[in-house]
Amino acid sequence: MEPDRLTAYNPETQFKYRFDLHSGWFSATLYGKYVEKLYVANDWAVRLPDYHLLNLVLRGTYAGWSLDVQLSNILDRRYLVFSGYAAPGFHFMTGITYSLF
């Protein structure tokens with residue numbers, strides 16, 4: 001088999017990025033990726049739609065406590081990573097942590 005023909009789940013173009021902001025007790029991270037020409041089979045068969053994901057993490061810390069909020073897929077993109085299985089749209093997670101040390 002020719003290596004150039006092994007296209008299954010190997011996007012032709014993928015661009016990832018990340019921006020961080022830290023200011024005293026507050027921090028924010030914006031990160032995402034753009035995926036283009038993703039195929040589910042070799043030989044460029046069955047191309048999935050291109051997609052762009054954007055995520056945001058916010059964190060506040062004070063006296064050993066940390067509050068986190070993660071916003072995933074904030075553009076609410078509908079996309080496929082595997083044929084026939086849609087990835088989740090916008091969703092969020094939160095967390096509280098206390099550090100003894």
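**Notebook: the sheet and the core**

Looked at the sheet to begin with: five strands make an open sheet, ordered β1-β2-β5-β6-β9, with antiparallel pairing. I note that this is a predicted model.

Next I checked the edges. β1 (13–23) and β9 (91–98) sit there, each with a single partner strand, so one side of each has no neighbour in the sheet. From one strand to the next, the twist averages 10°.

Then I went through the pairs.

- I found 11 bridges between β1 and β2 (residues 26–36), an antiparallel pair. Arg 18 is opposite Tyr 31 in β2.
- How many residues lie between β1 and β2 in their hairpin? I found two, and Gly 24 in the turn shows a positive phi of about 60°.
- β2 and β5 are antiparallel too, joined by 10 bridges. Here I picked out Tyr 34, whose bridge partner in β5 is His 52.
- β5 (residues 51–62) pairs with β6 (residues 65–72) over seven bridges, again antiparallel. I traced Val 57 to its bridge partner in β6, Gln 70.

A reminder to myself: strands of a sheet pair through backbone hydrogen bonds.

Last, the core. Which residues make up the largest nonpolar core? I listed eight: Val 35, Leu 38, Val 40, Leu 48, Tyr 51, Leu 53, Tyr 79 and Ala 87. Nonpolar side chains tend to be buried together in soluble globular proteins.

Leaving aside residues up to four places away in sequence, Leu 38 touches Tyr 9, Asn 10, Pro 11, Val 46, Arg 47, Leu 48, Tyr 51, Leu 80 and Val 81. Leu 48 and Tyr 51 are on the core list as well.

Notes
Residues numbered from 1 in each chain as written. Predicted model: local features only at pLDDT ≥ 70, side-chain atom pairs only at ≥ 80, totals over all residues. Heavy atoms only, no water. Pairing = 2+ DSSP bridges. Helix = DSSP H or I, 4+ residues; strand = E, 2+ residues; numbered from the N terminus. Axes fitted to C-alpha atoms, helices over the stretch in contact; angles between N-to-C directions. Core = buried A, V, L, I, M, F, W, Y, C linked by side-chain atoms within 4.5 Å. Buried < 20%, exposed > 50% of the residue type's maximum accessible area, 1.4 Å probe, protein only. Contact = heavy atoms within 4.5 Å.
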